[in-house]
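Hi everyone, thanks for coming. Let me put the structure up, and then I'll walk you through a helix and some aromatic pairs.

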Amino acid sequence: MNGQFPQHHRRTEMPTLTPEQCERFREDGFLVYGPFLSPEEVTTVGDRIDALASAEGDAAKVSVRMETAAATLEGVSRRDKVWQLMMAAQADDVIASIAQHPQILDVTRQLMQTEDVHYLQDQVLMKPAFHGSHVSWHQDSGYWTNVEPWIDPPAIVTCWVAIDNVTEDNGCVRMVPGSHKGGVLPHEPGGDHLLHVQGVDLTSAVPVVLPPGGVSFHHSCTVHGSAPNTTPHRRRGLALTYVRGDAKVTDR
């Protein structure tokens with residue numbers, strides 16, 4: 001697929017975050033940053049995501065996880081049976097250009113307090129209308145110490161880009177403020193084949209509501225999850241993850 005966005009080479013001139021925003025991230029473990037992609041860019045990225053979910057183009061390069069109930073969904077397109085796409089940036093240069101966007105990289109550098117930041121991975125959570133399933137309460141670092149390669153220190157930042165209007169009704173991400181301060185917490189596998197964090201009071205969780213093209217950032221130790229989508233509206237989100245350059249990544 002040929003990209004429609006220009007390649008980005010220069011960093012932004014002015015500081016991207018205010019001191020207050022940096023302090024909010026340090027205290028809460030997440031930050032709602034605001035609008036990022038234009039409506040035209042959102043449409044382009046959404047079309048690319050849909051093509052990959054429909055097994056078009058270079059979809060063979062992408063890891064696909066289907067909805068648990070995919071086999072029983074009658075009259076539903078393949079696109080709307082997909083739960084997750086992994087490493088879409090490997091298959092699409094438009095998505096890759098967003099992963100390397102200087103504004104996202106600048107914010108991530110500021111939040112990590114280092115100039116040496118590396119792209120780690122991306123994923124798309126599709127949340128199709130009517131049957132998009134939940135994401136369990138977890139820390140991202142719970143996976144990188146239990147399932148995925150071990151990453152130390154567990155100071156990883158994800159930029160979450162809304163492709164659709166993200167609301168409480170259609171399964172927005174919910175974050176537990178301050179939960180990152182306890183480090184990596186115990187997780188247990190569930191019957192849904194997802195990890196579930198243990199011993200966390202979830203009553204303080206707050207919804208992260210975003211418009212199409214809006215972004216948020218969260219620390220890999222921030223506890224978060226999302227409810228099923230039973231509305232007639234899709235809720236796609238592109239999660240771009242970055243790691244410190246001095247982090248150690250091992251296969252244990």
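Let's start at glycine 29, which follows helix H1 and has a positive phi, near 85°. Quick housekeeping: this is a predicted model, where local features need pLDDT of at least 70, side-chain atom pairs count only at pLDDT 80 or more, and totals for chains, interfaces and linings use all residues. Residues are numbered from 1 along each chain as its sequence is written, and side-chain values use heavy atoms, leaving out hydrogens and water.

Now, H1 itself covers residues 19-28, and its buried residues are Cys22, Phe25 and Asp28. Helices here are DSSP runs of H or I, at least four residues, and strands are runs of E, at least two, numbered from the N terminus. Buried means under 20% relative accessible area, exposed over 50%, and partly exposed in between, with a 1.4 Å probe and protein chains only.

Why do we say those residues line one face? Seen down the axis of H1, they fall within an arc of 150° (taken from the directions from the helix axis to the C-beta atoms). On the other side, Pro19 and Glu20 are exposed.

On to the rings: the whole structure has two aromatic pairs. Rings of Phe, Tyr and Trp (its six-membered ring) pair if their centres lie within 6.5 Å; planes under 30 degrees apart are stacked, over 60 edge-to-face, and the rest tilted. Tyrosine 33 and phenylalanine 217 are edge-to-face, because their centres are 5.9 Å apart and their planes sit at 85°. Phenylalanine 217 is buried, at 1% relative accessible area. Tyrosine 119 and tyrosine 242 are also edge-to-face, at 6.1 Å and 70°.
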